[in-house]
Amino acid sequence: MPREFTPKVITANALLEGDVVYLTSSDTWSRSLAEAEVLTEESDAQYRLLQAQARSAEVVGAYLADVRPGPSGPEPAHFREDFRLTGPSNRFHGKQADGLETP
Amino acid sequence: MYQYTDFDTAFLAERNRQFRAQVERRIDGTLTEDEFKPLRLMNGLYLQLHAYMLRVAVPYGSLDPAKMRQLAYLAERWDKGYGHFTTRTNIQYNWPKLRDIPDMLDALADVGMHAIQTSGNTIRNITSDHFAGAAADEIEDPRPVAELIRQWSTDHPEFQFLPRKFKIAVIASESDRAVMKSHDIGVRIVERDGTRGYEIWIGGGMGRTPMVAKQIKDFVPRADLLPYLEAILATYNRLGRRDNKYKARVKITVHETGLDEIRELVEAEFPHRRTAFSGVDQEWLDRIEAAFVTPTLTAQDPAPYQTARAADPVFAAWADTNVTPHKHADHGIVTISLKAHGATPGDASAHQMRVVADLAEQYGHGDIRVTHAQNLVLPHVALTDLPAVHAALRSAGLATGNIGLASDIIACPGMDYCALATARSIPVAQGIANRLEELKIEHDVGHLQIKISGCINACGHHHVGHIGILGLDRAGVENYQITLGGDASESTAIGTRTGPGFAYDEIVPAIERLILAYLDLREGPDETFLQAYTRLGMAPFKSALYDDKARAHAAE
């Protein structure tokens, strides 16, 4: 039996700012994970990733990141994505300081 | 301090002009990321977890007040008001924007600085003894040779695409304050029968496969240094493995080929290289040496220093820990700790950088060093000026008296910033330092080096920490392995793993148990942690780590 597909979002770093962005279902890049499109099927995820990677004038290093459902949208499944979502733990910089930490 | 020639200035201006155009072409879409990435890495620009990171070279860790003030300016103008000093004695900015990088590089060029070869598979920043020119035990100031190697290696056309990055350190004393034996090539200036030359070490390194460098040549005459280095690099460039990133460093080439065979290959290559050197490099070295004259230090009355020591125990304790004897007895070498308890190791605010620049100008003959342990040094301060220096440092939060103590921790940026990291380092360092401060034991514990890396690449030098900590991702959770018995000094040794790792919330208590166990086990205050470990071996420390944990667990 094939393994169950873990839901994913597409994330990358913005070309100019370098900060973390997520692909939305309307094909825009959002700074907020809550607005990310959650991909629940592997073939769809791979297709959307190819589309995202083609947008090299907007972002760098697009990839699929595991998420799990939370009360206000997707939440990171791995601690690395937690840090990308929040910012560094030693200084109040990054998304946590910009008010973009979600959910 | 070496001052740029017209050639250097023009070279850098042209390089910066090229990179500005490359950034523009990346932004307008002419260059893809695949095309741009090697270009940005050649100029020190990384893309990390939350932002771009610009790594600026500080050759052999030497700065002057103008350079330090410009670093402060960059921090305020284009970053978030601080910079991070690294174990390669460089400085990193964690939050620059892509569009601003060309302006940052131009601002650096204004003070003779750049970010070239701070990344990529090239010869990286040349490091040296941070006490160079001031240490009582040096044969000569090693920095002119480091500068010669810097000039030779910068944009050297043959060595821009090495199998992997390549790190060189130069020292000039028996004591090793630059972790020389953990470098791809270590150069030690020696004297034989009244003649100066170089002892050459090869194949040291940390990372996934830590190795201590081996001596490939016991004496290279002065005029043969660059051709000999070139012969080594050429041999490595040909033999080094390009099929596997983790086997591409010269330490693996030496290990797989064998030191004797490598030596023969280098010796066979050497004559071809030697004939290409007409001696112009030695003329350059003479010119460079003239730029590194130790300042004329006038005799100073140390009486006010002794009076201040007697009057102020905090000052006396700081001086005991942070001031090293200078070759002139009425002067001292001041190490400024960037390790305030609970702070991020190696971070300095723009204000702190300016305070250090001012102090260097007023009391320190304009000389500032960055150490591989992520601290700063004023190498030439009269003892009589120390009370004033201490007071100024204190008002800037820079007077922590912990150099060489357990809270003087090396920590890489870890997963708080680094895209390669597998776990965090900084909060572990903060946690250990804060706990030591609560317990008020670190002066009793004495010399103890704790070094933390957030991944196997070992930027935090954990392999050579008396206590080394390596952060890993174990099944999606941060996990920390401990090694003991590493040594970063001239008696370089790689630490040994204690056993299973510890979770994020267990690692600080585990280190506390180790330190308390040492206090119980040592023969007296003169026996350091490392000496006690060498005498007793792993067993009692392992017991403190794991048996106590098991007992605590059973008692819950």
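Because the model is predicted, local features are reported only at pLDDT of at least 70 and side-chain atom pairs only at pLDDT 80 or more, whereas totals for chains, interfaces and linings use all residues. Residues are numbered from 1 along each chain as its sequence is written, chains are lettered from A and ligands numbered from 1 in the order in which they are written, and side-chain values use heavy atoms, with hydrogens and water left out.

The contact (heavy atoms within 4.5 Å) draws 24 residues from chain A and 33 residues from chain B. About 2300 Å² is buried between chain A and chain B, and carbon and sulfur atoms give 58% of this area; buried area is the accessible area, for a 1.4 Å probe, that two parts lose on being put together, summed over both. Two salt bridges are found across the interface of chain A and chain B, where a salt bridge is a side-chain nitrogen of Lys or Arg within 4 Å of a carboxyl oxygen of Asp or Glu. A:R91 forms a salt bridge with B:D347, and the closest N and O atoms of this pair are 2.9 Å apart.

On the side of chain A that touches chain B, two or more residues come from each of β1 (8–14), β4 (59–70) and α2 (79–86) of chain A, helices (H or I, at least four residues) and strands (E, at least two) being DSSP runs numbered from the N terminus. The most is given by α2(A), with four residues. By class, this side of chain A has 10 nonpolar, nine polar and five charged residues, where Ala, Val, Leu, Ile, Met, Phe, Trp, Tyr, Cys and Pro count as nonpolar, Asp, Glu, Lys and Arg as charged, and the others, Gly among them, as polar.

Pockets and cavities were located on a 1 Å grid over the protein atoms alone, a cavity being a set of points where a 1.4 Å probe fits but cannot get out, and a pocket an open set with protein on both sides within 12 Å along at least five of seven lines; lining residues have an atom within 4 Å of a point. Grid points are joined across faces, edges and corners, and a volume is the space filled by probe spheres set on the points. The second largest pocket has a volume of about 780 Å³, and of the 40 residues that line this pocket, B:H130, B:R177, B:G404, B:H447 and B:Q449 are the closest to its centre. β11(B) gives the most to the lining of the second largest pocket, with three residues, and by class this lining has 16 nonpolar, 16 polar and eight charged residues.

The structure holds seven cavities of 30 Å³ or more. The largest cavity has about 120 Å³ of space, and its lining has nine nonpolar, two polar and three charged residues. The second largest cavity has about 90 Å³, with residues including B:A57, B:P59 and B:H114 in its lining.
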